[in-house]
Amino acid sequence: MAPYESDDAVDAAQADAARDEDPRAGRRKAARYAVPVAVVGVAAATIGLVPALAASGNPDLPKITAKQLIEKIAKSDVQQLSGTVRVSTDLGLPNLGGLENNLASGAAKGSGDGSSADPQSQLTSLVSGTHTLRVAADGPEKQKLSLLESGSEYSLIHNGKDVWGYDSKSNAVYHSTSADSGKDRKAEPPATPKDFADQALKSVDDTTSVTVDGTEQVAGRDAYKLLIKPRQSGTTVGAISIAVDAKTGMPLKFTLTPKSGGAAVLDAGFTQVSFAKPAASAFSFTPPKGAKVTEEKQDSAAREHGRESREGFAKGMKGTGVLGKGWTSIATFDTGAKGGLPTGSQGGDLGGFVGSLGEKVSGKFGKGTVFSTRLVNALITDNGKVYAGTVTKDALVKAADAGK
């Protein structure tokens, strides 16, 4: 059966043929696995939203099929906007007592820049809890994202070839430049429901049910609700709901709920939005007086070192692949690290802490540790192999047994 339900009047054979003709069809499996993981990665990097804020009523809109609504999203070409996004992420991660911020700071230093205003040092703060962001865009060369915290603000500004990061708490500035449309710039984190929706829609195939689930209002705008649900059992994903602006076709809200129930793992949505052209001053930035400015290393030696580091890491990951299909896909690779994680006495205090976060398991594959969230689970075996996906613990053990 095609991914669209019968009320959408979509012929299954046509849908299958369209997928066969798509030159990207061979990448569906990898793309599928990337969807939930990308959602989690983005959650750690940037966003989610409290459900149904600024939403009220069910507007009476013309009937539309899921296929037509997806096409409406694909054709949407919003170039200018500004607004506020409330964010909430609940992966079920333990309270690390600020350790995640220390790890982020260490990652920034490891990159060679070492600034608290470096985007890499700011992203993990969004792995849990509720946050407020302000976003603005004026075409592909001008975007701004501001993370508002109690008494402080972090802003990431892209204006032409310049990218500025500013942390008001430490009065630190990060700056990078690139003349090749961002090829060598640090990736700017996604900041709107559209970023998540684009990833989720890549997952639509015959393992997925897609329907139109009524209408709602988001940030004062009429919207259709697109509902995406896995057909497969064994996945931790319950459903994905996308509120699509009836006029522009731009996603206004994205909600991912786990199969286990309870609060959404990830909610991302506007509480206020305008499609008027933002003022040019919104994208202007001058380092404040006394601020410490860190320039991203742009010399060829630094780039070559980064390339070699990435290639070296990739070479260390042997046997990389994807097992299964659809929502029950499992990514696997071999770290080459025998003996498993240092979760016992050999790991000292840190080993004990890491061990407390996981669950010991065993099977035909031997022994290992499963680390769980409400969405993604990962099994790290004592012989250095890793199995991860939006699947249950039992599914990981079964995959490890089959690939022992």
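Modeller: Two strands pair if DSSP finds at least two bridges between them. The strands (E, at least two residues) and helices (H or I, at least four) are DSSP runs, numbered from the N terminus. It's a predicted model: local features need pLDDT of at least 70 and side-chain atom pairs count only at pLDDT 80 or more, while totals for chains, interfaces and linings use all residues. Residues are numbered from 1 along each chain as its sequence is written, and side-chain values use heavy atoms, with hydrogens and water left out.

Colleague: What pLDDT does the protein average?

Modeller: pLDDT is the predictor's confidence in each residue, from 0 to 100. Here 65% of the residues score at least 70, and the protein averages a pLDDT of 77.

Colleague: Where does pLDDT stay under 50 with 17 contacts beyond four places in sequence, and where with nine?

Modeller: A contact means heavy atoms within 4.5 Å. Where pLDDT is low, the predicted coordinates should not be read in detail. With pLDDT under 50, the stretch that has 17 contacts beyond four places in sequence is 179-187; the one that has nine is 344-353.

Colleague: Which are the edge strands of the open sheet?

Modeller: The sheet has 12 strands with mixed pairing, in the order E7-E8-E9-E10-E11-E1-E2-E3-E4-E5-E6-E12. Two strands pair on one side only, and these edge strands are E7 and E12.

Colleague: By how many degrees are neighbouring strands of this sheet turned against each other on average?

Modeller: Axes are lines fitted to C-alpha atoms, for helices over the stretch in contact, and angles run from 0 to 180 degrees between N-to-C directions. For the neighbouring strands of this sheet, direction is ignored, and the average turn is 15 degrees.

Colleague: Which residue in E11 stands opposite Ser82?

Modeller: E1 (residues 80-89) and E11 (residues 266-274) are antiparallel partners, joined over eight bridges. In E11, the residue opposite Ser82 is Ser274.

Colleague: What angle does the direction of H5 make with that of E10?

Modeller: H5 packs on the sheet and touches E8, E9 (237-245), E10 and E11. Its direction makes an angle with that of E10 of about 60 degrees.

Colleague: Is Lys253 buried or exposed, and which side chain does it join in a polar contact?

Modeller: Lys253 lies in E10 (residues 251-258), and its relative accessible area of 9% makes it buried. A polar contact is a pair of N or O atoms within 3.5 Å; within protein, one must be able to donate a hydrogen and the other to accept it, and residues adjacent in sequence count only if both atoms are side-chain atoms. At 3.2 Å, the side-chain partner of Lys253 is Glu216.

Colleague: What bridge partner does Val173 have in E12?

Modeller: Five of the six residues of E6 are buried. E6 is antiparallel to E5, with six bridges, and Gly165 stands opposite Tyr174 there. E6 also runs parallel to E12 (residues 292-295), with four bridges, and in E12 the partner of Val173 is Val293.

Colleague: What phi does Asn171 have?

Modeller: Most residues other than glycine have a negative phi. Asn171 is in the loop between E5 (162-167) and E6 (172-177), and it is partly exposed at 22% relative accessibility. Although not a glycine, Asn171 has a positive phi of about 55 degrees.

Colleague: And what phi does Ala219 have?

Modeller: Ala219 sits in the loop between E7 (208-218) and E8 (221-230). Its relative accessible area is 16%, so it is buried. Ala219 isn't a glycine either, and its positive phi is about 55 degrees.

Colleague: How many residues does the hairpin of E15 and E16 have between the strands?

Modeller: E15 (residues 358-363) and E16 (residues 366-372) are antiparallel over six bridges, with Gly358 opposite Phe371. The number of residues between them in the hairpin is two.

Key: Buried < 20%, exposed > 50% of the residue type's maximum accessible area, 1.4 Å probe, protein only.
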